[in-house]
Amino acid sequence: MDRILRRIAWLAGTGLMALAMPAMADPLATVDRNGSIVAVEPYAPNIVRVTLAIDRDQADGKPGYGISGSADMAGWTHSTSAAGDVFASSALTLTVNAQPWPKAPSQMERYFAPSLPPVSLSIRTGDGRTVTMNGWSMAPHQVSGEDTFLVGANFGADRNEHFYGFGQNQEGALDLRGRTIDCSHWYDAPAGEQVCVPMLVSSKNYAIVWDNPSATSVTPGMQGQTRFQSKVGERVSFFIITGQSSDDLYAGYAKLTGRTPLPPKAAFGLIQSKARYESQQELMSIADGYRSRGYPLDIMVLDWFYWTRMGQLDIDRTYFPDPKGMNQQLHDRGLSTIISVWPRFEKESRYFNDLAAKGWLLKDKDGKPVDGLPVRSDRAGGLIDSTNPDARRWFWNTTRDNIISQGFDYLWLDETEPDLVPDGYFYSIGSGDRYHNVFPLLHTGGAAEGSAHDRPNFRDMILCRAAYLGTQANGCLFWSSDVQSTWETLRRQVPTGLNMTASGIAYWSSDTGGWQWPSGPKALHAPLVDPAGAKAMGPDYPDYPELFVRWFQYNSFTPTLRIHGQRPATAIWEYGAAAEPILAAWTRLRYSLIPYIYPLARQTYDTGAPFMRALWMDFPKDAAVSDIRDEYMFGPAFLVAPVTEQGATSRRVYLPAGTDWYDWWTNQKHAGGQWIDAVAPIDRMPLFVRAGSIVPLGAQVPSTATRQLLSEIRVFPGRDATAMLYDDDGKTNAYKSKGAKGTTLTWNEASGRLTASATLPTGQAPQALVKVVGR
């Protein structure tokens, strides 16, 4: 207790008293276990928050950043029995176990005495599943000059339990069981940037949302325990979400942290980028190249160094003499634009001194702005302190007036880890160690709030490089950062993305072809794509066009499809004459699937569930899928099996049990529950469709700005099926209240007939469009 009092006095002296004593929550009850205080706060019948502390005010404090939901006691009861305090709803029962007064310690126990009065609790679901917490810890230490604690908790884990999520870790694992995951934003992680979204999902259909923004580690399922530990804190706070399926967990996550908005329809077409377009003329030539060749395209991206200095927040008129005119020309071609805006300010930039004087930059312990990084020879200025609401508003307003006013549609907020590592430094809300992971939430939140205020009917989206709890609610599209351009990296992208979407972050993809300069190791096999005519790499990487083709095939079946990279050429005709027709065909396939993909995006808005899904989500009874890391479902119909080995023309594919599967390319039918060798010539990636699926296909269009009619409704028979057709204006927020058109398609297996619940959004007659595979 003396340490708590010393900490309160220190915080009072630094003006951070409000953070030491959080605003009060509304627990159903707060109970005392011999000096350990436990607060129980329901948010829904299947969601409950538990907070443990040795200080009552800490235990009763509200949850931290990213939690936007409200406590809800409806349907909950609290009773006391010999077993302990029992909190019950229709979906679960939480028992804070009775803890008798400890007996006199033995000699050994005196030496190894616990530092905290012990607490244990159990959560039991309606169908008998149990989650237990059997220990917690607060170990005193000092971080960045403040007395604080290393806090943690242990949970029981079954021997056949598997774990997923917890953000973006690019080491190649899917099942996290037996691994230690570092949940802290780190651009320079050896396998590729890591991002912390502290939601751990169990195959037993429960999730633990860990409520602490400092650097955190989790070790799931090691020696029968799942262990969490955070670097800074004065309490342990976490949420338990339970459900009958994984989708119930994502509905709970959305309730806690905010809904995932429906992106504009353009987000689902091809997004063309490069690091970097050096002039207005170059950018326009690429846009016109797509149109003149008849290739569909939706968005052109202007990446960094279009400015005169880092932090000027201007557009260099020497190279971009008429940005407003450029954007108007692109809009006239049915294209939208994204522009990269960085949160850094060089000392020589026009805003640095003003921002420093106002205290709106990340600071060192002496209150001076931090300039650059101690690694990578980075001295590119100070970081805007987006934890300060005034700084956030200024950043949006200045970006709006200087850049968006020139006709750009959407922002790319880069460096949202932030790249300037905050540990050892200070935000307006406290130390960078204490709030290591919150920057992407607050920085993107400022732009989202500003856009909503100034463009209330404009459907916004933001390209974001990092996330935290709730960042999806800011309309972010995430990608895996500046990854290497190698086959190894491509292999790692698949499980990386599946764990990111398992963390409640539905919109994730990767830079097609990788971002770093193409310089992979020597090919083991003769390249499958002739590199003749390729401009995207040097002559020392002859298999790079093959890699790009395979990566493009994979990203065609991720939520967004974006070409980007640090190479001299990136458009689809710049990988050689052999690659171009393959890439064009896959681009057209992506556009034909917009009528399939866009309703999935609407369902994510409605339910919170991702539509890029690891197999364990949809086939929980099939034990074989628990750690299949190189296949996934894309919506309810498609099983996707990317080719990630150089020179491969086939690959083994597991077809989950409980259904039959159709080969997308040949219509051949396969029984589920088996491995097959799938052919994969360079122009094909293995794709299978679940029997009992309805796949609407669209006519070819130059972009999503053109009204797209259906070309067919393909039915894969085998069982009764339903599918939703959905459309709206694709650009405004009217979808939230009106202006949307939806139809449910129903396939009756017995009658062999497809019906629609209402007129199709396109106005077409469904019967003339139906094609039944195999009949």
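Visitor: Is Cys 196 buried or exposed?
Guide: Cys 196 counts as buried, at 0% relative accessibility. Buried means under 20% relative accessible area, exposed means over 50%, and partly exposed is in between, using a 1.4 Å probe and protein chains only.

Visitor: Where do these numbers come from?
Guide: This is a predicted model: local features need pLDDT of at least 70, side-chain atom pairs count only at pLDDT 80 or more, and totals for chains, interfaces and linings use all residues. Residues are numbered from 1 along each chain as its sequence is written, and side-chain values use heavy atoms, with hydrogens and water left out.

Visitor: Back to Cys 196. Which residue forms a disulfide with it?
Guide: Cys 183 does, and the two sulfur atoms are 2.0 Å apart. A disulfide here is a pair of cysteine sulfur atoms within 2.5 Å.

Visitor: Is that disulfide right-handed or left-handed?
Guide: The torsion about the S-S bond of Cys 183 and Cys 196 is about 95°, so the disulfide is right-handed.

Visitor: What does the pair tie together?
Guide: Cys 183 lies in strand E11 (residues 181–183), and Cys 196 lies in the loop between E11 and strand E12 (199–202), so the pair ties together parts that are 13 residues apart in sequence. Helices (H or I, at least four residues) and strands (E, at least two) are DSSP runs, numbered from the N terminus.

Visitor: And Cys 183, buried or exposed?
Guide: Cys 183 is buried, at a relative accessible area of 1%.

Visitor: How many disulfides are there?
Guide: The count is two disulfides. The other one joins Cys 464 to Cys 476, with 2.2 Å from S to S. With the bonded cysteines numbered in sequence order, the pairing is 1-2, 3-4.

Visitor: Which hand does the Cys 464 and Cys 476 one have?
Guide: The S-S torsion of Cys 464 and Cys 476 is about -65°, so this disulfide is left-handed. Cys 464 sits in strand E25 (residues 462–464) and Cys 476 in strand E26 (residues 476–479), so the pair ties together parts twelve residues apart in sequence. Both Cys 464 and Cys 476 are buried.

Visitor: How do E25 and E26 pair, parallel or antiparallel?
Guide: E25 and E26 pair in the parallel sense, over three bridges. Two strands pair if DSSP finds at least two bridges between them. The bridge partner of Ile 462 in E26 is Cys 476.

Visitor: Which way do the E26 side chains point?
Guide: Cys 476 and Phe 478 point one way, Leu 477 and Trp 479 the other way, and all are buried.

Visitor: What about strand E27?
Guide: E27 (residues 508–509) pairs with E26 in the parallel sense over two bridges. There, Ser 509 is the bridge partner of Trp 479.

Visitor: Let's go back to E11. Which sheet has E11 in it?
Guide: An open sheet of nine strands, with the order E4-E5-E6-E7-E8-E9-E15-E14-E11 and antiparallel pairing. Strand E4 (77–81) and E11 are the edge strands, and each pairs on one side only. The twist averages 20° from one strand to the next. Axes here are lines fitted to C-alpha atoms, for helices over the stretch in contact, and angles run from 0 to 180 degrees between N-to-C directions.

Visitor: How many bridges link E11 and E14?
Guide: Three bridges, in the antiparallel sense, with E14 at residues 216–222. Ile 181 stands opposite Val 218 in E14.

Visitor: New topic: helices. Which residues of H7 are buried?
Guide: In helix H7 (residues 323–332), they are Pro 323, Gly 325, Met 326, Asn 327 and Leu 330. What covers them includes helix H6 (280–293), strand E18 (299–302) and strand E19 (336–341). Gly 334 follows H7, and its phi is positive, near 80°.

Visitor: Where is Thr 604?
Guide: Thr 604 is in helix H14 (residues 594–607). Thr 604 is buried, at a relative accessible area of 1%. A polar atom of its side chain lies 2.8 Å from the backbone oxygen of Ala 609.

Visitor: What else is Thr 604 in contact with?
Guide: Leaving aside neighbours within four places in sequence, its contacts are Thr 260, Ala 506, Ala 609, Pro 610 and Phe 611. Contact means heavy atoms within 4.5 Å.

Conventions:
A polar contact is a pair of N or O atoms within 3.5 Å; within protein, one must be able to donate a hydrogen and the other to accept it, and residues adjacent in sequence count only if both atoms are side-chain atoms.
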